Amino acid sequence: MPKNPNVKRVMVIGSGPIVIGQAAEFDYAGTQACRSLKEEGVEVILVNSNPATIMTDRDIADKVYIEPLTIKVLEQIIEKEKPDSILPTLGGQAGLNLGMELEESGFLASHNVTLLGTTAATIRNAEGRQEFKDLMERIGEPCAPSQVVETVEDGIAFTNEIGYPVVLRPAYTLGGSGGGIAHNQAELCEILENGLRLSRVGQVLVERCIAGWKEIEYEVMRDSAGNCITVCNMENIDPVGVHTGDSIVVAPSQTLGDKEYQMLRSSALNIINELGITGGCNVQFALHPESFEYCVIEVNPRVSRSSALASKATGYPIAKVAAKIALGYTLDEIKNAITGKTYASFEPALDYCVVKMPRLPFDKFITAKRTLTTQMKATGEVMSICTNFEGALMKAIRSLEQHVDCLRSYDFSDLSREDLLERLTKVDDQRIWVIAEALRKGISYDEIHDITKIDKWFIDKIAIIVEMEDALEKGPFTLELLREAKRMEFPDNVIARLVKDMTEADIKKMRYENGITAVFKIVDTCAAEFEAATPYYYSCYGGECEAKGEKTRKKVLVLGSGPIRIGQGIEFDYCSVHATWSFSKAGYETIIINNNPETVSTDFDIADKLYFEPLTPEDVENIVNIEKPDGAVVQFGGQTAIKLTESLMKMGVPILGTKAEDVDAAEDRELFDEILQKTEIPRAAGGTVYTAEEAKAVANRLGYPVLVRPSYVLGGQGMQIATNDEEIEVFMEIINRIAQDHPILVDKYLQGKEIEVDAVCDGEDILIPGIMEHIERTGIHSGDSISVYPAPTINQTVKEKIAEYTRRLAMALHVKGLINIQFIAIGEEVYVIEVNPRSSRTVPYISKVTGIPIVDLATEVILGHTIKELGYKPGLQPEAAYFAIKMPVFSFEKIRGAEISLGPEMKSTGECLGIAKTFNEALYKAFLGAGVVLPRHKQMIMTVKDADKTEAVEIGRRFADLGYTIYATRSTAKALADAGVKVRKINKISQESPNVMDLLLGHKIDLVIDTPTQGRDKSRDGFLIRRTAIETGVYCITAMDTANALVTSLENAAEELSLVDVASL
Amino acid sequence: MKAFLILEDGTVFEGVSIGARKEIISEIVFNTSMAGYLEVLTDPSYAGQAVCMTYPLIGNYGICREDAESKRPWPDGFIVRELSRIPSNFRSDLSIQEYLEEYDVPGIAGIDTRALVRILREKGTMNGMITTNEHYNLEEVLPKLKSYTTGNVVEKVTCSEKSVLNPGGTYKVALMDFGAKNNIPKSLAKRGCEVTIYPALTTAEEILGTNPDGIMLSNGPGDPKECKSIIAEIKKLYDSDVPIFAICLGHQLMALATGADTYKLKYGHRGGNHPVKDLKTGRVYISSQNHGYVVDMDRLDPTIAVPAFVNVNDGTNEGLAYTGKNIFTVQYHPEACPGPQDSGYLFDRFIDMMKENKEGGKDNA
């Protein structure tokens, strides 16, 4: 069927801020879909509150609304833009829910807007628990016995019928949010209560626990004519019980015979047909490991994280095809862009093995429980490809950038056999390392399998890697052994660590002398059956190299940013992709190296060549050896890319843009101090240290409080404010748990306004698109602060000073390209906090709101053009007519036990933007976009530290004026009452009921303002209040500045919002 | 032990020996199915060929004997990138290594199978040798490779005497076994047919003499044009009014019997992912495929047969409908095993055809 001619203007709903369970994959899917729609001549109106995305670029959509994703806003946009259709299946669960609400309310029908692709009835059948169960029963597809409940009592009653343990899954939530396994009534009540509240429709599915079964997924496509294919299937190494987002996943399935494979494939097709889905769909199964019994776990009638993974694993562009199907095309009419010969109705055949590993945030949340459950906790993931499983696993491990590179990276050698058996029962992110140690201690496959339920095939593979480690360690170290170790993708540094008396350089020399070098194979969707038109490569050892490295024009290597993690998010993918496009425009052949399957940068048609590889020096060198690029850019890929600078230089690859030594100068304390002295720019006094003793000495010299942080990190990893010697010891111990290559910095903590600037420098001039000011005072990481452009409270003198300091620093550091600087403004004094001669988190946002394409300009500058040549007047650019406020978004509710109070270490997972003509409206939109929808019950709790009491009084008064009932603990209540603010005193947790906890659990509280004492708060009370607030869905603020902003926003809440088309700025 | 795969064009791959330690010469083909290696090994259509699996990890779930599609493995040799060290499946009876040894099938592992496939794709299917002799002499080997032909392999793989499956079934189907996969009679039996399986060289007279409700022509190995006497018998079946459904070789033989032509594809279709369009409904199905020859669509006489199914990728013929006859034939494998089960509906279509024919016949009587 050809394209539907009635579809001319399509509104695409994005997924909003990045949170755990809904990450960069939707930028990838959305971007691909928008490009696919535009390719067909369809006008695209895009709505997404997330400014860090590529999909919100003016070249991706015709109209771009970076507005809060609420029904009201979407309705306004529909009224203004009059689309004929909307596509809600590309924006994750958030987009789908919004699309459904618009449809169910009749708004779409009354405005003649059609829901494209899958119909509302289908979505209801797939998403509504009872509807889905009924449908499955009707078509004879088995589900685990289950019941949808709306009350805890019903849940208990049903569970008593089917017996414990049970799995709980709230309807319409993200990443299994609020779900879990309950083994007894207490657990059931806790999880159920939470789940009922989190579910949009107040429903939770109580289900027979099938933990331990094999978890298998199929990615299925179906068109309007009813043609269906499966793009790929995937097997979770972690059996049912761990959310697939947190599992190690392999594609295709490894332990299924054709009978099992086809049984589940047929079932998946049966389901998608019966549901009548048009587009992409994900079906999850649990397969009994010792029979053909299976259960359908769930169906996602939309593009998902798994579909992004399946797209990258196979080369089949699911989102692109889904968009074409939505326009009316059938699978046999859509060409496969990878081969150019086959059609979208061809099922990919893999001739390699893919491993996905989750990137978990436990390095950020050290107090959090590492346990993995049905509640997803990963912030991102890595994927690797190899011709064997061992190699794919080894590559995935080192792609994680978590200081792991082999199965010895976590040391469990001091655990006894009994300890290990006990430890194996714990399901966490270190499980494969525990299994490795268990194998070393001679624990049998059967014993490990009985405890973990992990298939013995995978256990054997881990054993093969362990045996190789032993063989390398024991010797003799032969050429054959080296060849075999490389086949399994052991990196040289790991081999050198294991082999006696050999250095990494020795290993490399031995390899090169004997021709043991990596070869590259193509991901072509068809196992080489047809010639591929798209160079999408992965490496392996042994055999023919299909990458020829032909040279037709100048080549540039763009290093990606690896897995999405707190501190290094999607912004860096935005920068990498834009830089790639700019180099391409300038006539370069572009080569991207990255390992993140969720991103736009790893789409096969972004760069001329894509290498899906770990970002380590050795892996990059393998590519350099083949491609011999004329240069590499590292300033766009975040810290991951920056870290490779030195290695690239050693390989003889010129670094384009700012030189490595200048990058060092910005990070190296002494060199940087010299520069500051020369440029006469003040900074907080400080020193560099290695040990806790040295740190304490420096701190006492400076006087507390001090800021302690490692150098060369992003997102303030390990950064803390210490107020006494004891805290220094704690923080230094945490930092030094990982061997530090660079000294640790101890600085005097200055409190003032935090200012941030991104600039482009061409060596002569600088261009500053704008100055951003943080709402929160210094001490809270810039990524976690509310950031306002243009800076609202600093005067012209300060702005000029900042521009001038920026110019001086950029010149002194010989910056060619991007620079990001953070300042403290105290009165009219300006101090520099830190300088990063690279792209930053704020680049996409400031580019969009100023209309200045910063990454493109930086790329042009790197290529030798000047700012003046590019048509810009150097210096600080005139301020835009809009206020743009970036609001951080957190995923605290997903990470049990995580400390939520803000500090110098970044904790947010994403951000949204509020943009409006006035500061107040922009602020209101920003809070709205972050999901802070107040008021509801108009009741709040305040408990603040002494230093904040004066401010708390004013803020309390304003909330009271808005009609809020304020509950406060003793001293805060006293401060408020003394100042004449109406307040109700409430007992602390440690005191008798009714206390703060009872109040929270009463579900009648909108807001908690709890400011912890400086430094890492050890008060169990405060921590409990904050955690309980988060877990019961109460908005919790830990800084007075944020509270102040919120009350301002509420005072200015508007019924009707003004809309801004960012593409027209 | 080292093993070598030597191709007709002089390319030599060095790997390790798996299965039996014997030297073989065969036609080298590749299969892109990611699972179902036992079904591939036991598909009689591979007689006279050595199969390379493009999926690199083979043997993961061992050998479950009940999944075999015939009584033994048929390929002359088996070529894989990596054999699993342990089989892991609750139904596994033995490892693939043991299975190959049991049936004296040699093989080679540890070679760059993708490079092999790229050669076959570029240069077309060719012959090759698997040997463990390190002192092979290319000058002697290559002429031997060039002269190898699969020959008339149907006689090698067909059953020696007739047998009946599901006696007493509603429809009596005569299945001509040219190397039938087990799931063909099973698929018919499951739909209530009594299936009588005949050796390939059974005469048309004998079959028609039993008054079957329908005739099924099976898949099988080799060049269809080698099957001269069978083709002559099939012409007689065509001339009868008995509904006929044919798969793969059976489909080619029916085409040849009725004046059409076949030719050899450059490197064949072998796998479980090819899209086939049913021209009657416009629907596309993912199919299980295993064929090196194909019916020449350009030389069809529309008064005899018209294309009914076509391969979406390369536009080659995937099935025919015979004009004015209760006959339809497909190039691919609705019986799956290995591969997608999407085309099982074709057996239903055959049943319907027999039903209508039977009832129509009653009306006439």
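Me: How many residues does the contact take from chain A and from chain B?

Reply: Chain A gives 45 residues and chain B gives 42; a residue pair is in contact if the C-beta atoms, placed from the backbone, lie within 7 Å. This is a predicted model, in which local features need pLDDT of at least 70, side-chain atom pairs count only at pLDDT 80 or more, and totals for chains, interfaces and linings use all residues. Residues are numbered from 1 along each chain as its sequence is written, and chains are lettered from A and ligands numbered from 1 in the order in which they are written.

Me: Which helix supplies the largest share of the side of chain A that touches chain B?

Reply: H9(A), with six residues. Helices (H or I, at least four residues) and strands (E, at least two) are DSSP runs, numbered from the N terminus.

Me: What makes E24 and E26 of chain A a pair?

Reply: Pairing requires at least two bridges found by DSSP, and strand E24 (residues 706–710) and strand E26 (residues 744–748) of chain A have five, in the antiparallel sense, so they pair. One bridge joins A:Pro710 to A:Ile744 in E26(A).

Me: Why are E23 and E25 of chain A called edge strands?

Reply: The open sheet of four strands runs E23-E26-E24-E25 (chain A), and strands E23 (686–689) and E25 (720–722) of chain A each pair on one side only.

Me: Which residues have the most contacts inside the largest nonpolar core?

Reply: A:Val760 and A:Met940, in a core of 433 residues. Such a core is a set of buried Ala, Val, Leu, Ile, Met, Phe, Trp, Tyr and Cys residues joined through C-beta atoms within 7 Å, where buried means 20 or more other C-beta atoms within 10 Å of a residue's own.

Methods. Contact = placed C-beta atoms within 7 Å. Buried ≥ 20, exposed ≤ 12 C-beta atoms within 10 Å, placed from the backbone.
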